[in-house]
Each structure stands twice: as C-alpha cells, then as structure tokens.
Amino acid sequence: MSSVQDTVFDIIAKESGIDRARITPDATLKDLDIQSLDAVQIIFEIEDHFKITMPDRDPKFDTESVRGLVETVEKLLAEQATQPVP
C-alpha cells in the first residue's frame with residue numbers, strides 16, 4: 001500500500017467516521033454510504049494535506065471511487081514534482 005493510499009484512507013475514515021477497515025481501493029464513496037457533503041469535505045482535506053487542487057468534474061479523473069481518488073492524488077503529485085519551483 002502506498003503512502004498516498006494510506007493517507008487517503010485515513011482522511012476518508014476520519015472525515016466520514018467510517019471504520020478504516022471498511023475502506024478498500026475498489027469501494028466507491030457511495031458504497032461506503034458517504035454523503036455528498038462529507039465527500040466534499042474529504043476532497044478538501046485531501047487537497048489541503050497534499051497541497052493540490054483536485055479537478056472538478058474532469059472526465060479524465062475518477063473522484064467517485066477510492067482507487068480513483070488515490071490515482072488522482074498520485075497523478076497530481078507527479079505533475080507537481082515536474083513543475084519548476086517559482
């Protein structure tokens with residue numbers, strides 16, 4: 001398990017009050033009974049923690065599933081690493 005995945009799982013568990021053991025990469029936020037307001041808070045926490053901006057309704061990014069969230073964060077962090085520091 002990657003550190004990004006670990007951190008995303010922790011954030012989902014903390015913000016939704018769900019037992020971390022229920023969270024799997026194949027689960028969707030809907031599967032985990034996470035309400036839309038909680039999902040927004042989870043996205044905000046992920047953005048804040050990783051200092052990134054998640055895409056809003058971008059078809060190239062899956063932010064509905066746990067795996068999609070992890071892959072989106074990893075992709076954004078990789079892009080960020082290749083950007084020159086201002």
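A residue counts as exposed when its relative accessible area is over 50%. Keep that cut-off in mind for the views below, which come from a predicted model.

View 1. Most residues other than glycine have a negative phi.

**View 2. Lys51, in the loop between helix 2 and helix 3**. Here again is a residue that is not a glycine but has a positive phi, of about 60 degrees. Is Lys51 buried or exposed? At 60% relative accessibility, Lys51 counts as exposed.

**View 3. Helix 1 packing against helix 2.** Helix 1 covers residues 3-16 and helix 2 covers residues 36-50. Their axes are 9 Å apart, and the helices pack at an angle of about 140 degrees, so the two are oblique to each other. The crossing of helix 1 past helix 2 is right-handed. On the helix 1 side, the contact is made by Val4, Thr7, Val8, Ile11, Ile12, Lys14, Glu15 and Ser16. Helix 2 answers with Asp38, Gln41, Ile42, Glu45, Ile46, His49 and Phe50. Sorted by class, this contact of helix 1 with helix 2 holds 7 nonpolar, 4 polar and 4 charged residues.

**View 4. Val40 and Glu15.** Val40 sits in helix 2 and is partly exposed, with a relative accessible area of 39%. Look from Val40 to Glu15: 25 residues separate the two in sequence, and their C-alpha atoms are 9.9 Å apart in space.

**View 5. Helix 2 beside helix 3.** How do helix 2 and helix 3 lie relative to each other? Their axes cross at roughly 30 degrees and come within 12 Å, so these helices are roughly parallel to each other. Helix 2 passes helix 3 in a right-handed crossing. Ile43, Ile46 and Phe50 of helix 2 meet Leu69, Val73, Leu77 and Gln80 of helix 3 in this contact. By class, the contact of helix 2 with helix 3 has 6 nonpolar residues, 1 polar residue and no charged residues.

**View 6. Helix 1 across helix 3.** The axes of helix 1 and helix 3 come within 10 Å and cross at roughly 130 degrees; the helices are therefore oblique to each other. Their crossing is right-handed. Helix 1 brings Val4, Gln5, Val8, Phe9 and Ile12 to the contact, while helix 3 brings Val66, Leu69, Val70, Val73, Glu74 and Leu77. These residues of the contact of helix 1 with helix 3 divide into 9 nonpolar, 1 polar and 1 charged.

**View 7. The largest nonpolar core.** This core has 24 residues. Which of them touch the most other members? They are Val8, Ile12 and Ile46. Helix 1, helix 2 and helix 3 (66-82) are the elements that give two or more residues to the core, and helix 1 gives the most, with 6 residues.

**View 8. Ile46 and the residues it touches.** Leaving aside residues up to four places away in sequence, Ile46 touches Val8, Ile11, Ile52, Met54, Leu69 and Val73. Among them, Val8 and Ile11 take part in the contact of helix 1 with helix 2, and Leu69 and Val73 in the contact of helix 2 with helix 3.

Conventions. Residues numbered from 1 in each chain as written. Predicted model: local features only at pLDDT ≥ 70, side-chain atom pairs only at ≥ 80, totals over all residues. Heavy atoms only, no water. Axes fitted to C-alpha atoms, helices over the stretch in contact; angles between N-to-C directions. Helix = DSSP H or I, 4+ residues; strand = E, 2+ residues; numbered from the N terminus. Parallel < 35°, antiparallel > 145°, perpendicular 65-115°, else oblique. Left-handed = near helix turned anticlockwise from the far one by under 90°. Contact = heavy atoms within 4.5 Å. Nonpolar A, V, L, I, M, F, W, Y, C, P; charged D, E, K, R; others polar. Core = buried A, V, L, I, M, F, W, Y, C linked by side-chain atoms within 4.5 Å. Buried < 20%, exposed > 50% of the residue type's maximum accessible area, 1.4 Å probe, protein only.
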